Amino acid sequence: MKKGILFSLIAILFFVNLGTAQEKSTLTLVDIYKNNAFGQKGFGPIRWMKDNKGYSTLESNAQVGGKDIVRYDAKSGKRTIIVSAADLIPNEDTKPLVIYNYQWSDDNSKLLIFTNTKKVWRYHTRGDYWVLDLEKKTLTQLGKTLPSATLMFAKFSPDASKVGYVSELNIYVEDLDSKTTNQITSDGGDTIINGTFDWVYEEELSCRDGFRWSPDGEHIAYWQSDTKGVGTFYMINNIDSIYSKPLPMPYPKVGTQLSAVKVGVISSKGGETRWFDIPGDPRNNYLARMDFVPNSNEVMIQQLNREQNTNKVFIGDIESMGLNNILIEKDEAFLDVHDDIRWLDNEKYFTWSSERSGWLHLYRVSRDGKEIQPITKGNFDAISINCIDVKGGYVYYIASPDNFTQRYLYRSRIDGKGEAERVTPVSNSGQNAYQISENAKWGIQVFQNTITPPVYSLVSLPNHKQIRVLEDNKELKQKFDALQLQPKEFVKVDIGEDVLDAYMIKPVDFDASKKYPLLFYVYGEPAGSTVQDNWSGGDLFHQYMAQQGYIVMSVDNRGTKTPRGKKWRNAIYGQIGILASKDQSKAAKKILSTYDFIDSSRVGIWGWSGGGQMTLNCMFKYPEIYKSGLAVSFVSDQRLYDATYQERYMGLLKNNPKGYHDGSPINFAQNLQGNLMVMHGTADDNVHYQSFEMLVDRLIENNKIFNMMSYPMRSHSIHERENTSYHLRETMENFWKKNLPAGGR
């Protein structure tokens, strides 16, 4: 549901290779979606080396093809080829391995290469793994006796003598010296999943890699999921054969049974698994996180209840299998799971993110959970933790106390003393991200804003001195500037209950004496935000629509994922689709009364995923405002979506039946008055095509005339197969020009 924003406005527009189209003064859909003329260059992936004095990255090898792994000294910039692409040519092949990802052993003596990858649901997590021993100069494929491209989540043991991985739902350990492979679990398959997760754990809890090496390498702790009894949803492939093929997937919908998940420990040599006896029904709780405490035989396990408003933190001893509940985090609405745990002072303390103060901050918690002290503090959110420099005594994190659309690097003392210190200079106005060395002396900064594609730089810290630019996307910037488009204007919209952030894009030939149609882009759910001062691929579709003669605006209603504190984010609890559509309608009325150049008789709204649902709610509930709407990959009935997401923000169905009813646009389809178009991919594993069909059925039942477009065997992002993205955007444009006439009058 929430991934729609990312796929529709970022993933589709971000291309790996820069196109060759000539600079043009006019933006076209062909250049955006067929010629890749505005593709963006990246940098990396980067890995800081163990000595913290340099980093590795990938660079093309012109002689043999493929990529070299190159080390750069941070201070001097000296370049050294650590691994030539020629070293990555298997004996039986003539071409080097294509590196999808790579991982160093702890001592940097061995390299793990992930290649020949396959997509599993959202991400490429299955493929082949090879190990390069830098001292012996040997290249070895792992899992040779297993089916090709079935290995997942391979990782070195702490001493790099072995590699553990998952294949076909079982865990294996391979000894790198003897080349022997040991299958340590054997019950995986059918409804049993070892070492990885079902669909909903990936999508909603960001869990895919499901096993951990113990610090001494003697044990492996892992998750096991039993999907027996979970409802099976069937997608249908009607286009790749003369007979249809059902595509089954276990998918727990609202109020239905979840997978039973448990955590066990097994010797890395094999044997019997011992299971932690975690209190509570395993089908009505989530084991959201698990990891070893460094230098110990203990694991930390986080258990979320089904309502996701209570997180119990356990320390489990893998020898005795005893459990100690050291911390309970509660919220009257919902809790998010954070990945900000770092162990301090010889594992006497750990860091913990919490909204208990009303803002998201980092705390220092004693190992027994009895002592909790704030590290960051103030009336702002510590959005994400970048680095904890124990020796230097600082934690580095992203925050934006003064502008919710931007992001900057800050630091605070680990002992909690003093005030937060901004590290990013004022000149970098926009959004900033960092990959910081472990000793916090160096950082790879990625800077961007609405008119600046990402610029990658090496900076020294904490003075934030730019050492060198690694990639500036200069050619893309020149192409974008040559279009002479109107930049996004960030504005505030006061709806009474709160002041909302919004942006506006005006037509290239804007004339304030004329009246223009207004096209709203909406998302509105707690998993994302649309009003951000970032590049977002140049937001070229909306710039294109503005070029055609539309005012384009987007508003972040209360409850969206912005760093405005717990009260803001919790406001939407129990009323997804209800509060947001109210806020959006109030914002629309305020905007129409504020700007004389907007034509109130030509107001449209569109959105993808959660934004598609919001579009429908606005169209059906506020027809006096919105004359035309376009909803893509939407949830029409919230009971159809996955339990984990929907119950987190709406509560359990039995406790909030009215909220589920009133937030579901299908229950208000009879109120449609304006022009509506609905679009969906039939192979959407996230928001099922069922949601589309049920709404269409309801509209027909109420004799409502509308437009519809189905994309066969396309997923939630509707981008697979030839010409899809271009066709989809041209279809959108045709709808808008027909139903919301463009241009100033």
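Which residues are linked with Lys155 in a network of salt bridges? Select Lys155, Asp209, Arg212 and Asp291 together, and the four side chains of that network are on display; a salt bridge here is a side-chain nitrogen of Lys or Arg within 4 Å of a carboxyl oxygen of Asp or Glu. Side chains of opposite charge can pair when their charged atoms come close.

Before moving on, keep in mind that this is a predicted model, in which local features need pLDDT of at least 70 and side-chain atom pairs count only at pLDDT 80 or more, while totals for chains, interfaces and linings use all residues. Residues are numbered from 1 along each chain as its sequence is written, and side-chain values use heavy atoms, with hydrogens and water left out.

**Salt bridges between separate elements**

By the rule given above, the count comes to 37 salt bridges. Select aspartate 240 and arginine 721, whose side chains meet in one of them, at 2.7 Å from N to O. Aspartate 240 sits in the loop between strand E16 (232-237) and strand E17 (245-250), and arginine 721 in the loop between strand E43 (707-711) and helix H12 (724-739), so this pair ties together parts that are 481 residues apart in sequence. Helices (H or I, at least four residues) and strands (E, at least two) are DSSP runs, numbered from the N terminus. Aspartate 240 is partly exposed at a relative accessible area of 47%, and arginine 721 is partly exposed at 39%; the classes are buried for under 20% relative accessible area, exposed for over 50%, and partly exposed in between (1.4 Å probe, protein chains only).

Next, select arginine 356 with glutamate 329, another salt bridge with an N to O distance of 2.7 Å. Arginine 356 belongs to the loop between strand E25 (349-354) and strand E26 (361-366), whereas glutamate 329 is in strand E23 (residues 323-330), so the pair ties together parts that are 27 residues apart in sequence. The arginine 356 end is partly exposed, with a relative accessible area of 43%, while glutamate 329 is buried, with 6%.

Then go to glutamate 489 and lysine 506, whose side chains meet in a salt bridge of 3.3 Å, N to O. Glutamate 489 lies in strand E36 (residues 489-494) and lysine 506 in the loop between strand E37 (499-505) and strand E38 (516-521), so here the parts tied together are 17 residues apart in sequence. Glutamate 489 counts as partly exposed at 30% relative accessibility, and lysine 506 counts as buried at 15%.

**A charged patch and a buried aspartate**

Switch to a surface view and select Asp106, Asp107, Glu135 and Asp159, which form a negative surface patch. Such patches are made of residues with over 30% relative accessible area and no salt bridge, with like charges joined within 9 Å. Within this group, glutamate 135 lies in the loop between strand E7 (123-133) and strand E8 (138-141), and glutamate 135 is exposed, with a relative accessible area of 69%.

Is aspartate 637 buried or exposed? Aspartate 637 is buried, with a relative accessible area of 6%, and is placed in the loop between strand E41 (628-632) and helix H9 (643-650). Show arginine 639 as well, since a polar contact of 2.8 Å joins the two side chains, aspartate 637 and arginine 639; a polar contact is a pair of N or O atoms within 3.5 Å, where within protein one must be able to donate a hydrogen and the other to accept it, and residues adjacent in sequence count only if both atoms are side-chain atoms.

**Backbone stops**

Most residues other than glycine have a negative phi, and most peptide bonds are trans. Select glycine 44 and proline 45, where the peptide bond is cis with omega near 5 degrees; proline 45 is in the loop between helix H2 (29-33) and strand E1 (47-48). The bond from leucine 461 to proline 462 is also cis, with omega near 10 degrees, and proline 462 is found in the loop between strand E34 (452-460) and strand E35 (465-471).

Finally, select phenylalanine 153, a residue other than glycine with a positive phi near 60 degrees. Phenylalanine 153 lies in strand E9 (residues 151-156) and is buried, with a relative accessible area of 11%. Asparagine 703 likewise has a positive phi, of about 55 degrees, but asparagine 703 is exposed, with a relative accessible area of 64%.

How values were computed. Patches are made of residues with over 30% relative accessible area and no salt bridge: like charges are joined within 9 Å, nonpolar side chains (Val, Leu, Ile, Met, Phe, Trp, Tyr) within 5 Å. Accessible areas come from the Shrake-Rupley method with a 1.4 Å probe; for residues, only the protein chains shown count as cover. Lys and Arg count as positive and Asp and Glu as negative; His and the chain ends are not counted. The place of a charge is taken as NZ of Lys, CZ of Arg, CG of Asp or CD of Glu.
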